[in-house]
Amino acid sequence: MHFPSQQAFRKFLPMFDRVLVERLAAETVSRGGIMIPEKSQAKVQQATVVAVGPGSTNKDGKVTPVCVKVGDKVLLPEYGGTKVALDDKDFYNWSDESFEEMDSTLAVQQYIQQNIRSDCSNIEKIMEPPEGQDEGVWKYEHLRQFCLELNGLAVKLQNECHPDTCTQMTATEQWIFLCAAHKTPKECPAIDYTRHTLDGAACLLNSNKYFPSRVSIKESSVAKLGSVCRRIYRIFSHAYFHHRQIFDKYENETFLCHRFTRFVMKYNLMSKDNLIVPILEEEVQSATVGESDA
């Protein structure tokens, strides 16, 4: 298999457990041929692995190989990585770290993103917190990550989810959602509802009033996460019922809705009756069985 700038990074061999990746280019033209302004282009958090190191050495002297291979598509963390310029192209160098080695303030976020990069389909591992992890912070950081990745789905949706074709935020005929971004909640086009909802979630999760710290979070602030979950889930349901091809493609790449469903069921953040995307019924059953066993 051939990858861009192959000769360039052949000269750059990562050491130990480091991975060299090439970030995917942002979409500049919609599916309908409309140019997307640069300010409207979302930062791409996906990349292609172009080179990997041999792995890290454990305390027994044995080498633990890197969990990804050349050609894999991976999800990048929001922060971090070392930028490397090779033949006028930018690449990024990352390494896997244990939870204890990560930056204390962003450790939970980095840990979650590292597990997603490793295998986004391994939901059990992604949902399992480190020993002694504060549950409120764990839920908060997962929700931040879901919102970050949902922006990627929103970018895909804007290619065909237009105000004149999707005039309401709907799922099935029984579900029509009002947008809370207005002074009085009212109907608005689905793509506007999506943007308003993600903007509102970002404002709340970045609020110094409710979330001044990412190390310890008050229970009263944690209680607000359920409302955010219910609102952003509507983006999944609209995409599934009205833009199925886009939903399926993004879900196959990220397992995002599967992960989200398992998350809200595990922490009882949404009612089972509101989880209306039918292909995820197995996730609901799995989470329910797990709770019964516990």
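1. Let's start with a cysteine. C147 comes out at 7% relative accessibility, so it counts as buried (buried is under 20% relative accessible area, exposed over 50%, partly exposed in between, with a 1.4 Å probe and protein chains only). Its closest cysteine sulfur is in C229, 8.1 Å away, which is too far for a bond. C203, by contrast, is exposed, at a relative accessible area of 57%.

2. A word on the source. This is a predicted model, where local features need pLDDT of at least 70 and side-chain atom pairs count only at pLDDT 80 or more, while totals for chains, interfaces and linings use all residues. Residues are numbered from 1 along each chain as its sequence is written, and side-chain values use heavy atoms, with hydrogens and water left out.

3. On disulfides: a search of the whole structure turns up zero (the cut-off is a pair of cysteine sulfur atoms within 2.5 Å).

4. Now the inside. The largest nonpolar core has 59 residues, and L143, L153, I232, F236 and F260 touch the most other members. Such a core is a set of buried Ala, Val, Leu, Ile, Met, Phe, Trp, Tyr and Cys residues joined through side-chain atoms within 4.5 Å. Helices α2 (107–118), α3 (123–127), α4 (135–157), α5 (190–205), α7 (225–242), α8 (244–254) and α9 (256–266) each put in at least two residues, and α4 gives the most, with ten. Helices here are DSSP runs (H or I, at least four residues; strands are E, at least two), numbered from the N terminus.

5. Take I232 as a way in. Setting aside neighbours within four places in sequence, I232 is in contact with L143, C147, L150, T197, L198, A201 and F260 (contact means heavy atoms within 4.5 Å). Apart from this core lies another one, of five residues, including V19, V21, A47 and V49.

6. M265 sits in helix α9 and counts as buried, at 8% relative accessibility. M265 and L275 are ten residues apart in sequence, and their C-alpha atoms are 9.4 Å apart in space.

7. Two backbone angles to look at. Most residues other than glycine have a negative phi. F255, in the loop between α8 and α9, has a positive phi near 55° without being a glycine, and F255 is partly exposed at 28% relative accessible area. N268 is not a glycine either, and its phi is positive at about 55°. N268 lies in the loop between α9 and α10 (281–293) and is exposed, at 65% relative accessibility.
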